[in-house]
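Biologist: I would like to go through some of the labels attached to this model and hear what each one rests on.

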Amino acid sequence: MPPVTAFKAYDIRGQLDHDLNDAVAYGLGRAYARRFDPGVVVIGRDTRASSPTLAHFLATGLTAEGVDVIDIGLCGTEEVYHATDHLAAGGGIMVTASHNPIDYNGFKLVGPGAAPILPEEGFLDLKAMVAAGGYGAARPRRGTRSQLNTRMVYARHVCEMIDPAALRPMKVLVNAGNGTAGPTFDAVARTLRDMGAKLDFVRLHHDPDPAFPNGIPNPLLPENQPATAEAVRKSGADLGIAWDGDFDRCFLFDETGAFVPGEYIVGLIASAMLVRAPGARIVHDPRVQWATQRIVKAAGGTPVAAPTGHALVKAAMRAEGAAYGGEMSAHHYFREFMYCDSGMIPWLMVIAHLSRSGQTLGQAVAEMRAAHPSSGEINTPHPDPDGTMARVEASMAMGAHEVCRLDGLSMAFDTWRFNLRKSNTEPLLRLNVETLGDPELLERQTAQLLRLIRPHGGTGSVRAA
């Protein structure tokens, strides 16, 4: 019986030969085919050494159930999303562990139109079916397996989100982290050039390499940011871009090499999208939200909070018809991209915004940084998250004028607020604190909350994924 510990809240990922193996990949293929009867499924894979084999067994399971598989090869997760919709396939599956350790891998699943598969809409059924095994004989009609390159169609779709000819000349440092972003970025860069853009790109760690010689690509971790920051300064770039392993997240550095926290990029893109779609609804996660809410309202839009997590944000966007959704963790979702997250569209939107405003990236986010300082996400391993959240709520109740449980515990006061939530995938408590223009208050309240969360001391990581 295959292990199912790799099944998380709405994705599958785990340690190879412990949580994840060829049997899980094969079983997932057969279970997906039986549960959804998709007819045609698009599959793709990241650069990890284990990904080609897992993709092979996944495809074998799908074709055993009569499903035709279109393999788009080495790609980013969003390319699977795009191809699933573009080819009118019944579903899509990406083999990736994104930013997880090198001995991990996993699967991201979507249905027709690249719609997310929520737990109550079949994901939990897949887990049960893989756990049970016993699929029996293959279907009499075996599915086919073909290869197709959809990259240039995807690149054109992405570039049409902006007007490339209107971009001002800029030098841009791009760090693919030896993940899958490099070849796809090259296709986007060629398309931009052909459409009239005059951008000068400096490439760093550009070629896919399963050994990840420069470390696992996760630019959200502070220890991974200096390489991009230093390259921005050394090259004299106007800004820097870095991606994670499957480039469904991108991270931005300003002209000084300073890392720009994700919540400020959400506000910036929300402002840009409201120029493109006046009066639109904008979805955001509730971890850090004051800057985004203020900007959206001032621009005539409507902010809508949704629980953290790509499947949940996508579902909220579809329900609201929102033009854009953003999470502070650098996931950015677009109605014009099947309500899916993209790591290529955000930097294009930011460069287009800077071209209109004449600002540098540092100037564009300076006001948000000053008006809404935030702690960054502080993660604490914890054996009793529910008890701790209850203790924090009881201790902080005095003076709170808003208590929200949309996603964990959010409490708002006159000049500051916090969100404390359990991780969807790990035994962690995640804390975010923000204030209205008061860095000293931010420091005090963060320290007070950490004393409640860690009564016996201890440490945690900041701005982890």
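Biologist: Why is Glu65 called buried?

Modeller: The model is predicted, and in it Glu65 has a relative accessible area of 5%. Buried means under 20%, so Glu65 is buried.

Biologist: What makes Arg34 and Glu65 a salt bridge?

Modeller: Their side chains meet at 2.9 Å, N to O. The cut-off is 4 Å between a side-chain nitrogen of Lys or Arg and a carboxyl oxygen of Asp or Glu, so the pair is a salt bridge. Arg34 lies in helix α1 and Glu65 in the loop between α2 and β3, so the pair ties together parts that are 31 residues apart in sequence.

Biologist: Why is Arg34 called partly exposed?

Modeller: Its relative accessible area is 37%. Partly exposed lies between buried, under 20%, and exposed, over 50%, so Arg34 is partly exposed.

Biologist: How do you know that Asp194 and Arg193 are exposed?

Modeller: Asp194 has a relative accessible area of 59%, and Arg193 has 52% relative accessibility. Exposed means over 50%, so Asp194 is exposed and Arg193 counts as exposed. The two side chains meet in a salt bridge at 3.4 Å, N to O.

Biologist: Why are Arg156 and Glu160 called a salt bridge?

Modeller: The closest N and O atoms of Arg156 and Glu160 are 3.1 Å apart, and the limit is 4 Å. Arg156 is partly exposed at 42%, and Glu160 is partly exposed at 45%.

Biologist: How many salt bridges does a search of the whole structure find, and which residues are linked in a network?

Modeller: The search finds 26 salt bridges. Asp285, Arg287, Glu327, Glu377 and Arg430 are linked in a network of them.

Biologist: How do you know that Cys250 is in no disulfide?

Modeller: The structure holds zero disulfides. For Cys250, the nearest cysteine sulfur is that of Cys159, 14 Å away, while a disulfide needs a pair of cysteine sulfur atoms within 2.5 Å. For Cys340, the nearest cysteine sulfur belongs to Cys75 and is 13 Å away, so by the 2.5 Å limit Cys340 is in no disulfide. Cys250 counts as buried at 5% relative accessibility, and Cys340 counts as buried at 0%.

Biologist: What is the make-up of the lining by class?

Modeller: The lining has nine nonpolar, two polar and no charged residues. Gly counts as polar here, and Cys as nonpolar.

Biologist: What makes Asn178 and Phe247 worth a remark?

Modeller: Neither is a glycine, yet Asn178 has a positive phi of about 60° and Phe247 a positive phi of about 45°. Asn178 is found in the loop between β7 and α6, and Phe247 in the loop between β9 and β10.

Biologist: Are these two buried or exposed?

Modeller: Asn178 has a relative accessible area of 6%, and Phe247 is at 0%. Buried means under 20%, so Asn178 is buried and Phe247 counts as buried.

Methods. Residues numbered from 1 in each chain as written. Predicted model: local features only at pLDDT ≥ 70, side-chain atom pairs only at ≥ 80, totals over all residues. Heavy atoms only, no water. Helix = DSSP H or I, 4+ residues; strand = E, 2+ residues; numbered from the N terminus. Buried < 20%, exposed > 50% of the residue type's maximum accessible area, 1.4 Å probe, protein only.
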